[in-house]
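Grab a pencil and open the viewer. Try each exercise yourself before you read the solution under it.

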Amino acid sequence: TDPATGLELAQVANLGPVDCLVNNAGVSVAQRGDLLEATPESFDRLLRINLRGPFFLTQQVAAAFLRR
């Protein structure tokens with residue numbers, strides 16, 4: 001089970017179905033400082049958390065909406 005599916009399943013088990021989803025979280029590059037100091041690894045981490053996470057969580061919640 002991917003993290004988004006696990007999170008959605010845990011939420012349903014504890015609180016019932018999702019009625020609204022607000023993707024309101026994120027991170028900055030791991031290395032604080034100037035944009036010129038960001039590494040490829042820290043930027044990849046930023047993209048995984050800020051883009052992939054919300055996208056796949058939204059995908060799971062949208063599928064649950066459509067099943068209802």
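Predicted model: local features only at pLDDT ≥ 70, side-chain atom pairs only at ≥ 80, totals over all residues.

**Exercise 1.** Work out what secondary structure the chain has, and how much of the chain is buried.

Start with the elements: there are two helices and zero strands. Next, burial: of the 68 residues in the chain, 19% are buried.

**Exercise 2.** Compare the span of helix α2 with the expected one, then look for a bend.

Helix α2 runs over residues 40–67, which is 28 residues. At 1.5 Å a residue you'd expect 40 Å, and the distance from first to last C-alpha is 39 Å, so close to expectation. Still, α2 isn't straight throughout: there's a bend of about 30° at R52.

**Exercise 3.** Find which residues of α2 are buried.

Walk along the helix and pick out S42, L46, P54, L57, Q60, V61 and A64.

**Exercise 4.** Search the structure for aromatic pairs and classify what you find.

The whole structure gives one pair. Its partners are F55 and F56, with ring centres 4.9 Å apart. The planes meet at 90°, and since over 60 degrees counts as edge-to-face, that's the label here. As for cover, F56 has a relative accessible area of 32%, so this residue is partly exposed.

Key
Residues numbered from 1 in each chain as written. Heavy atoms only, no water. Helix = DSSP H or I, 4+ residues; strand = E, 2+ residues; numbered from the N terminus. Bend = angle between axes of the 7 residues up to and from the residue. Buried < 20%, exposed > 50% of the residue type's maximum accessible area, 1.4 Å probe, protein only. Phe/Tyr/Trp six-rings, centres within 6.5 Å; stacked < 30°, edge-to-face > 60°.
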